[in-house]
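Have a look at the structure below, and keep it open while you read. We will visit a few places in it together.

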Amino acid sequence: MIKKFDKKDEESGSGSNPFQHLEKSAVLQEARIFNETPINPRRCLHILTKIIYLLNQGEHFGTTEATEAFFAMTRLFQSNDQTLRRMCYLTIKEMANISEDVIIVTSSLTKDMTGKEDVYRGPAIRALCRITDTTMLQAIERYMKQAIVDKVPSVSSSALVSSLHMVKGSYDVVKRWVNEAQEAASSDNIMVQYHALGLLYHLRKNDRLAVTKMLNKFTKSGLKSPFAYCMLIRIASKLLDETEGGHDSPLFDFIESCLRNKNEMVVYEAASAIVHMPNCTARELAPAVSVLQLFCSSPKAALRYAAVRTLNKVAMKHPSAVTACNLDLENLITDSNRSIATLAITTLLKTGSESSVDRLMKQISSFVSEISDEFKVVVVQAISALCQKYPRKHSVMMNFLSNMLRDDGGFEYKRAIVDCIISIIEENPESKETGLAHLCEFIEDCEHTVLATKILHLLGKEGPRTPQPSKYIRFIFNRVVLESEAVRAAAVSALAKFGAQNDDLLPSVLVLMQRCMMDSDDEVRDRATFYMNVLQQKQKALNAAYIFNGLSVSVPGLEKSLHQYTLEPSEKPFDMKSVPLATAPITEQKTEMAPVATSKLPEKLAPSRQDIYQEQLAAIPEFQGLGPLFKSSEPVQLTEAETEYVVRCIKHTFIRHMVFQFDCTNTLNDQLLQKVVVQMEPSESYEVIHYVPAANLPYSQPGSCYTLVQLPEDDPTAVSCTFSCTLKYLVRDCDPNTGEPDDDGYDDEYVLEDLEVTVADHIQKVLKPNFGAAWEEVGDEFEKEETFALASVRTLDEAVGNIVSFLGMQPCERSDKVPENKNSHVLFLAGVFRGGHDALVRARLALADGVTMQVTVRSGDETVVDIILASVG
Amino acid sequence: MHHGRERVSEEGARRGGGGGGEEARVPEPEVNSQLSTSTQRAAAAPSAPAMDSTSPEPSLYTVKALFILDNDGNRLLSKYYDLELYPSMKEQKNFEKNVFNKTHKADNEIAFLEGLTIVYKSSIDLFFFVVGSAQENELMLMSVLNCLFDSISQILRKNVERRCLLDNMDGVFLVVDEIIDGGVILECDPQQVLQKVNYRQVTESGYGFVLFDYITGSEEAQGQRSQMP
């Protein structure tokens, strides 16, 4: 016996884990002593601890054994040992989902929650609510209401927090407790106050008026709890954001006043809220930035981290606002917490001067391997921004990036680097070959399919136009031999582009293509066969249409049209022109600079904005039979921002009609508008066919009305028109508090600004990745050319901007970027005119006194050429 | 059961939406290469969300997870309050391993991993972690961590080390239960927590008790022996 004890003593002294070799079955066996009389609290306590420990380790309990243990445990309620009882509550919560019939303990818990022992009451409420559903909740509703306003803080807090958890499942019951929660909110206890505020907000968050009232009350009366203050700041900033309230609003004043709170947590929350507000001016940011500056020298790492992370955010939009903190940030670049150091350096890269770049880059390379991927991405983002700001630094950056590309790292990190390199290539033509070489090296050993296909696509686009295209062929064909299906298919597409562009490479490409036709994957084989046949024709127009410039239709739209076609089979062949075009084409100039913030590829091709409009319009019976939606414009404001009624218009163009969608908001809380329409008077021979009114327009709830207009049939060149617009409606006055309207109303009207329809509304942007090929494809049958003098324009940039926005066409080959210090420039624009004809514009610009512009237009249809030329003049 | 589900999905959407008001644009290859995108997506799935944050949603659900690990990175206690964060035990333990590997070497107090803000603290052979979303107020998380650490430190009478913690596991479970309820900060003042838990340490004189029980031949001591073979 004694020996046995010695052994146990040794074990316990050596720091081993008393729970290490627990066997679930042994523990459940032990749990039988729960049934012994009298109850031995210490042993039972120990066994319950073991059960909870096992559950916490992820041990699986079957329903039967769990239920058995649970029922045995219920007997322990007979003991009055405090810790044992508390562990029973924990066991109930842990087992609530794995044991059956847990509601057996309802009455014991109800007894504890209403009993005399204050220590039991709070935890009992929380355990009870964990096992209660909506129907049972009604039975204990009375107790819950009492508990919320109980004078013991732990009881009140427990009831409030449990209610909050139950809002999701039993909103209708919990919302009846709003008065009790209101009472609890004025409690002296800081946690009760916080929990009550949280519950009140969750119950009222969909009622903006109630939230506003609540905010007014609490911001005036003041709170004790710093947590509650943080919550209030978040509610206020959300409300500001939703109501687009100006920064002179009392809510903004409240947030700003919190910058002077004595608790750091509140000060930081307020500073962060101000920084995250859209459209903050530098002056409004200044007080927030100065408190963050103070935090930078805090001894607490978390506070330094929070401050520098927020400053980094400010520096993205307002680098000048952060320059005042440069000295403090300099002190942080050697911080032992590498996250803080990284953020400090990347912030400095955004705010500092060109001369400091080399030094900072050197500093960061010394520890880049120590930081986590998330921060590496931040570094890459900073580099990407730098390259835009200081194009001359691109060789330093490119070197740094290629080193980073060789290191280990996850997908997100590698993608950020690849995106950054691609954007450098596109911004700086002289870096193209180095960049492509780095990327070629990278795909030799790249585990990420998405990146490999992306790079192959880029090689196909850029490679054929470099001085030595043949050197890329090896890298591309290696992929065909070594990689997965998706990469092989992308490699085949890239190869085809080399064959189409470079005649001397064509024979070798055809040989390689022949091999790909024997690939084991059907997609790869199909592509190879298809490209092989196109290439063998040796026709430029075919190459342009099928190899360089792919389809420009919207993929969901194509799917829908094809489905429709199969439902109603007809003799007529399927017409590609009836498919809506892809909106938001992959804009060359922006894509690569998009922040690396995208966290996941969408599960499905998200429907574009235009697809959504198409759905919405198709649901209105008056608009059926208009054909596919061709283009939807950006919203045009027809009122000032701060007027009684706010109206904006979206112009939807169809083949022979236009639908004007008016999104109206009524900002008067004492009026209900009904039968709202916008009456339109056209200046040209456009004909208004139909008005679809918005039936009701209550306060602050946006509604839409529509006007259908027929385009002039006899004069296809009449593409521009001015409409004078008037908002007409029936007003019913109503009580601002209840929203209850009077019985009768009166007609009224409100004059809106004029609405312009221009040539841009008839042309959809389409990106032609290879403009030259597309130009040849359309041919010069209907080519027309004219020269214009733009006297009022002073720079080439301005001229380019004007033409692009006026015609609403897509700039290709990055020709919308005018190189510095040049006196002439060529702009390439591509689009599709209403009806489905490609329209291409080449504008040669020369800068002398003003800008002289020679415009050449090509299209498959003569009218289109005339319309475009006429509208430019 | 129903803790904070709604908020999670909102957050997921916002994460996906990226930050800074800029459109979350996926740089896509040409239409052609989309024909075989299913494989591409599979490869892209496990990606870290960005740390570029939007402003936090007003909510009491502050803490996403809390855990205590030993100096080998093994779990001693873990609570995941956001059920959609790491739904399976395997994902949870992977996350804990990852966090441990990235943090245990330097006592840096705060880290950002897998799109989450993590504050931490260590003592001898124990590591305490509190996890919140990227948007969360770091100081709020710190106040939770400090309260957890101070409360446990008092329960263990300043012996914040693994063995002592395991000997008082019941007290530790109760402390955690009083600080966080389903992701909501229930109490943040260590004195209040201790008062509510009202826990008396039993093991400091543990051997004495055992010996005493043995000498007096009490039934309980015999039971103790049989459960610890």
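In chain A, helix 29 (residues 485-501) packs against helix 32 (residues 540-548) at an angle of about 160°, and their axes lie 10 Å apart. The model is predicted, so local features need pLDDT of at least 70 and side-chain atom pairs count only at pLDDT 80 or more, while totals for chains, interfaces and linings use all residues. Residues are numbered from 1 along each chain as its sequence is written, chains are lettered from A and ligands numbered from 1 in the order in which they are written, and side-chain values use heavy atoms, leaving out hydrogens and water.

Helices (H or I, at least four residues) and strands (E, at least two) are DSSP runs, numbered from the N terminus. An axis is a line fitted to C-alpha atoms, for helices over the stretch in contact, and angles between N-to-C directions run from 0 to 180 degrees. Angles under 35 degrees count as roughly parallel, over 145 as roughly antiparallel, 65 to 115 as roughly perpendicular and the rest as oblique.

Helix 29 of chain A and helix 32 of chain A are therefore roughly antiparallel to each other. Where do they meet? A:Ala496, A:Lys497, A:Ala500 and A:Gln501 in helix 29 of chain A are in contact (heavy atoms within 4.5 Å) with A:Asn543, A:Ile547 and A:Phe548 in helix 32 of chain A. The residues of this contact divide into four nonpolar, two polar and one charged. Here Ala, Val, Leu, Ile, Met, Phe, Trp, Tyr, Cys and Pro count as nonpolar, Asp, Glu, Lys and Arg as charged, and the others, Gly among them, as polar.

For the second pair, the axes of helix 24 (residues 394-406) of chain A and helix 26 (residues 432-444) of chain A come within 10 Å and cross at roughly 5°. That makes helix 24 of chain A roughly parallel to helix 26 of chain A. This contact has three nonpolar, three polar and two charged residues.

Now for the inside of the model. Buried means under 20% relative accessible area, exposed over 50%, and partly exposed in between (1.4 Å probe, protein chains only). A nonpolar core is a set of buried Ala, Val, Leu, Ile, Met, Phe, Trp, Tyr and Cys residues joined through side-chain atoms within 4.5 Å. The largest such core has 262 residues, and A:Phe34, A:Leu109, A:Ile255 and A:Met513 touch the most other members. Apart from it lies another core, of 29 residues, including A:Leu827 and A:Val865.

Here are the two chains side by side.

| Chain | Residues | Buried | Helices and strands |
|---|---|---|---|
| Chain B | 229 residues | 59% | nine helices, seven strands |

Is A:Tyr143 buried, partly exposed or exposed? At 23% relative accessibility, A:Tyr143 counts as partly exposed. A:Tyr143 lies in helix 8 (residues 134-148) of chain A, and its contacts beyond four places in sequence are A:Thr110, A:Met113 and A:Thr114. A:Tyr143 and A:Thr114 are 29 residues apart in sequence and 7.4 Å apart in space, C-alpha to C-alpha.

B:Asn137 sits in the loop between strand 5 (126-133) and helix 4 (138-155) of chain B. At 1% relative accessibility, B:Asn137 counts as buried. Among the residues that B:Asn137 touches are A:Cys230, A:Arg234 and A:Tyr268.
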